[in-house]
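Below are my notes on the model, as numbered points. Please read them with the structure open.

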Amino acid sequence: MPSQTPRVHAHASPCHPRHPVEAKKYLASLAYVDGERVAILGPSYGGYMVLAAMAFHPDVFAVGVDAFGITDWLSALEELPPHKEALREALYQELGNPQTQAAMLREISPRFHAERIRRPLLVIQGAQDPRVPKARTDAFVEAVRKNGVAVDYFVLPDDGHGFSSKKSEAETSS
């Protein structure tokens, strides 16, 4: 059976979901931490790490909290606007080039592995997010729910890629 952990080229090692898994192991080793109740939370790139950890290490975390996380690196990199050339080059160096490394980008993208997620998720999405389109997050949430996984999905109508107000942040925390 092939490994469920994506093979990531050397330049993309920061996106490897083993990093939070190792952090969880450390936390679980502490006498005052219940290792069965450790969650993972992150916004933006950290949200991607949440979803990757939940997909590629489905039994490690009790729950995941993703805020504005990228589910599909292939589409995200292909859709970068022309005026973001410096960012595009940096991301191609860090993650991969969608023209030459599409298979690898699919392999590290939670969107293509939603069926592996088995633990509950809280997903927070800005309806006006220019980096993580709501339609893509909608499809990801639907795919995870199709497996019978509990997903609380908060769409913030006035927010983009991040909380635009303390009110929005508070609404997702209660």
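1. Ser44 sits in the loop between strand 1 and helix 2; helices (H or I, at least four residues) and strands (E, at least two) are DSSP runs, numbered from the N terminus. Ser44 is not a glycine, yet its phi is positive, about 60 degrees. Most residues other than glycine have a negative phi. Ser44 is partly exposed, with a relative accessible area of 27% (buried means under 20%, exposed over 50%, partly exposed in between, with a 1.4 Å probe and protein chains only).

2. On provenance: this is a predicted model, in which local features need pLDDT of at least 70 and side-chain atom pairs count only at pLDDT 80 or more, while totals for chains, interfaces and linings use all residues. Residues are numbered from 1 along each chain as its sequence is written, and side-chain values use heavy atoms, with hydrogens and water left out.

3. Phe68 is another residue other than glycine with a positive phi, near 65 degrees. Its place is the loop between strand 2 and helix 3. Phe68 is buried, at a relative accessible area of 3%.

4. Strand 1 (residues 39–43) and strand 2 run parallel and are joined by five bridges; strands count as paired if DSSP finds at least two bridges between them. Gly42 has Asp66 in strand 2 as its bridge partner. With helix 2 (residues 45–56) between them in the name, strand 1 and strand 2 make a right-handed β-α-β unit. Right-handed means that, with the strands pointing away from the viewer, the path from the first strand over the helix to the second runs clockwise.

5. Strand 2 also pairs with strand 3 (residues 121–126), in the parallel sense and over four bridges. Here Ala67 has Ile124 in strand 3 as its bridge partner. How enclosed is strand 2 (residues 63–67)? Four of its five residues are buried, so strand 2 is largely enclosed by the rest of the structure.

6. Helix 4 (residues 85–94) has Arg88, Leu91 and Tyr92 buried. They lie on the same side of helix 4, because they cover an arc of only 105 degrees around the axis (taken from the directions from the helix axis to the C-beta atoms). These buried residues pack against helix 3 (73–78), where contact means heavy atoms within 4.5 Å. Ala86 and Gln93 are exposed, on the face turned away from the buried side of helix 4. Just after helix 4, Gly96 has a positive phi of about 140 degrees.
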